[in-house]
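Subject: A structure for you to look through

Dear colleague,

I am passing on the structure below, and I would be glad if you kept it open while reading the notes that follow it.

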Amino acid sequence: MWELWSEAHADSPYAELMTYQSEINNGGHSQYFTNVENTSDLHKEMLSLETILPSKLRETLEKAYKAYLTLGEKDDEKAEEILEQCDDLFYENEEEINHILKEYAAKIEL
């Protein structure tokens with residue numbers, strides 16, 4: 001499954017979910033937004049994620065994005081704190097993402 005993702009052959013929205021998980025685990029929401037914004041269409045990525053994320057994680061993504069936009073406008077300690085809280089919420093609920101990806105992996109025909 002990860003090989004398909006690395007070769008850009010994973011199905012949407014699972015590909016976006018794998019990107020999200022990978023980026024968060026490597027540097028948090030701030031890194032996710034920055035990297036996706038620099039390499040593809042962040043808005044499109046987030047729309048895909050909204051179709052697959054459980055509500056708690058979808059709300060976390062939206063909250064993190066608002067904080068990220070605030071940081072883009074000014075240096076804001078509150079926004080940085082919100083991003084850190086969103087990272088923590090992601091890690092606390094990451095097993096839900098793993099479950100979704102395991103279900104997807106079980107459906108892949110090799």
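**What was found**

Asn93 has its place in the loop between helix 5 (77-92) and helix 6 (94-107), where helices (H or I, at least four residues) and strands (E, at least two) are DSSP runs, numbered from the N terminus. Asn93 counts as buried, at 11% relative accessibility; here buried means under 20% relative accessible area, exposed over 50%, and partly exposed in between, with a 1.4 Å probe and protein chains only. Leaving aside residues up to four places away in sequence, Asn93 touches Lys56 and Leu57, a contact being heavy atoms within 4.5 Å.

Please keep in mind that this is a predicted model, in which local features need pLDDT of at least 70 and side-chain atom pairs count only at pLDDT 80 or more, while totals for chains, interfaces and linings use all residues. Residues are numbered from 1 along each chain as its sequence is written, and side-chain values use heavy atoms, with hydrogens and water left out.

As for the chain as a whole, it has six helices and zero strands, and 38% of its 110 residues count as buried. Among contacts between residues at least 6 apart in sequence, 61% join residues at least 24 apart.

Helix 3 (residues 42-52) has as its buried residues Leu42, Glu45, Met46, Ser48, Leu49 and Ile52. Seen down the axis of helix 3, these fall within an arc of 160°, so they line one face of the helix, the arc being that of the directions from the helix axis to the C-beta atoms. On the other side of helix 3, His43, Lys44 and Thr51 are exposed.

Glu16, which lies in helix 2 (residues 14-39), touches Glu45, Ser48 and Leu49, not counting residues up to four places away in sequence. Which side chain of opposite charge is nearest to the buried Glu16? It is Lys44, 6.4 Å away, and Glu16 has no salt bridge, a term that stands for a side-chain nitrogen of Lys or Arg within 4 Å of a carboxyl oxygen of Asp or Glu. For charge, Lys and Arg count as positive and Asp and Glu as negative, while His and the chain ends are not counted.

A search of the whole structure finds one salt bridge: Lys102 forms it with Glu95, and the closest N and O atoms are 4.0 Å apart. Lys102 is exposed, with a relative accessible area of 56%.
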